[in-house]
Amino acid sequence: MEPKSETPLPPLYARWVEQVLGTSVPAETRATCLDCVMCASSVASDAAVFERFVPPVKCCTYVPQIWNFLVGHALGADRTGASHGPQQLRAQIRDRIGATPVAISPSRRSVSGYRAVTRVEGFGTSADLVCPYSDPMTGGCGVWQARNSVCSTWFCRHIRGAVGFRFWNVVRDFLAAVERELADWCVVKLGLSGSAVDELYGPDGEVRYLGAGDLRGCVEPDGVIERDFYRALWANWYGKEEEFYLASADMTGSLSWGDVRGIGGPKLAMAERRLIEAHASYNSNAIPERLVRAQIRDTPGPDGALFVQCDEAPYDPQLMEADLRTALDRFDGRPRQEVVVEIGGLGGPALADETLRALYEAGLLIAVDGKDIPPMSRSIGPVQPDDRLSFFRGFQGQNVSLVQGLDEGGLETVTLQCHPNRVCFDDPHLFEFARKLVSFQNGFTAKEALDWGPTGRPYTWEKVSELFQALLEGGMLQRLP
Ligand code: SF4
Ligand code: SF4
């Protein structure tokens, strides 16, 4: 008998996750979606201090990719034919908006709009990007039972704080791997003709994403697929798109996890192992031996109150006493008991394991991940030609990215990002320097950068050392031992 589920996952996903774990996954009751805790109408201790989400936007400031079998599940569950989400999906099929045999996808415009909105922190408040499947009458999700991996696993607040955030991220990645494998499997099993498959997938078998502009035919920025290209994409299923999606749902609806793993092979076996390990970590109460303070934002509240927020729980501010906040700065990667004794000796608060566990679960203290160097262990002083440098990833494996854009005057810029650090270059002579930094993000010797300049225009040591010094002092780079 399968375990009785309390999971917030859609039924199909809950079944597979529970079959992997042998138990139900936790409900996230602090994310009160029926009366959104992030919206102004909700009662929350921090409501007067932080910007609230706006109904009906909420966290649905995002257009999801609805994979073929999920589209089928949503359509198949719509018994009246009048539910908002399925109606929206049918309209997209009818109007050729983002509908391919792989998925109904967000348009290029919504993908870039999402990036722009979230860059200026409009998440939860910008009505421009509210999900098309969000029901304007109820404010609820119109495809709730067929949400994708991202929608199913995103919660603004977690019962176990950052520990829950990390667990759900692994569940998301697990389900995303399942989605990709099953969507492809449906395409093959339903006998889509070879010419259409060649349009939908590259020679390496990777799907071409409509929202990324990867498809080789004409797709408007708003996702409308030009008629002849649409016909080519659907080939032998053209005119029978709904049937295709419904058949995808039929084929996947009865699969057990063993069936799914058999379809996905080694990729899903790896995803399964990660999920099992993440669940074990989620259930553990262990506190890491060495702790370091996370990147924290302090926000003053009324009457001298102080709220702190960290990257892994940005929508879950914690009210904190000033002396505890000061004590957090002492955690720099040394053994935690050494730091606790030091804080006590300085007249700070006594930190029992229970308090340390709470701070760790809140994401305010994090484990040293072994790749980044705690600040107290780094050598200081002017950068030298033989210094080994790398990006500092905040002890959390943050990705390094490079974004090309335009400044307010319309001039080209290149921005390096490694959350929470961000550096914008507006001197075209340094664009190549920024690109090379990304190429060598995991480690390089400072003097190597002398050869990073555009052809015929090498950088001088004076310029290179000045740049590295600034990046070291700003925290984007770290000096390796
Ligand atoms: S998960 Fe989204 S809808 Fe649910 S409570 Fe949080 S912000 Fe509101
Ligand atoms: S599919 Fe549902 S949960 Fe996901 S963004 Fe849209 S309305 Fe929100």
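Around ligand 1, by class, the shell has nine nonpolar residues, one polar and one charged. The classes are these: Ala, Val, Leu, Ile, Met, Phe, Trp, Tyr, Cys and Pro count as nonpolar, Asp, Glu, Lys and Arg as charged, and the others, Gly among them, as polar. This is a predicted model, in which local features need pLDDT of at least 70 and side-chain atom pairs count only at pLDDT 80 or more, while totals for chains, interfaces and linings use all residues. Residues are numbered from 1 along each chain as its sequence is written, and chains are lettered from A and ligands numbered from 1 in the order in which they are written.

Back to the ligands. The shell of ligand 1 is made up of Ala31, Thr32, Cys33, Cys36, Val37, Met38, Phe53, Lys58, Cys59, Phe155 and Cys156; a residue is near a molecule if its C-beta atom, placed from the backbone, lies within 6 Å of it. Ligand 2 has Cys60, Tyr62, Pro64, Cys131, Tyr133, Ser134, Cys141, Val143, Arg147 and Cys151 around it.

Next, a helix pair. Helix H6 (residues 161–189) packs with helix H11 (residues 266–283) at an angle of about 165°, and their axes are 9 Å apart. Helices here are DSSP runs of H or I, at least four residues, and strands are runs of E, at least two, numbered from the N terminus. Axes are lines fitted to C-alpha atoms, for helices over the stretch in contact, with angles from 0 to 180 degrees between N-to-C directions. H6 and H11 are therefore roughly antiparallel, a term for angles over 145 degrees. On the H6 side the contact includes Val163, Phe167 and Glu181, and on the H11 side Lys267, Leu268 and Tyr282; contact means C-beta atoms, placed from the backbone, within 7 Å. By class, this contact has 12 nonpolar, one polar and four charged residues.

Now the domains. The assignment, automatic or from a database, gives domain 1 (11–283), domain 2 (290–367) and domain 3 (375–479). Between domain 2 and domain 3, the C-alpha centres are 30 Å apart. Seven residues from domain 2 and eight residues from domain 3 take part in their contact. On the domain 2 side, strand S7 (residues 332–335) gives the largest share, three residues. That side has two nonpolar, two polar and three charged residues.

Two backbone points remain. The peptide bond from proline 55 to proline 56 is cis, with omega near 0°, and proline 56 sits in the loop between helix H1 (11–21) and strand S1 (66–67). Alanine 235, in the loop between helix H8 (227–234) and helix H9 (241–253), has a positive phi, near 45°, in a residue other than glycine.

Notes
Contact = placed C-beta atoms within 7 Å. Parallel < 35°, antiparallel > 145°, perpendicular 65-115°, else oblique.
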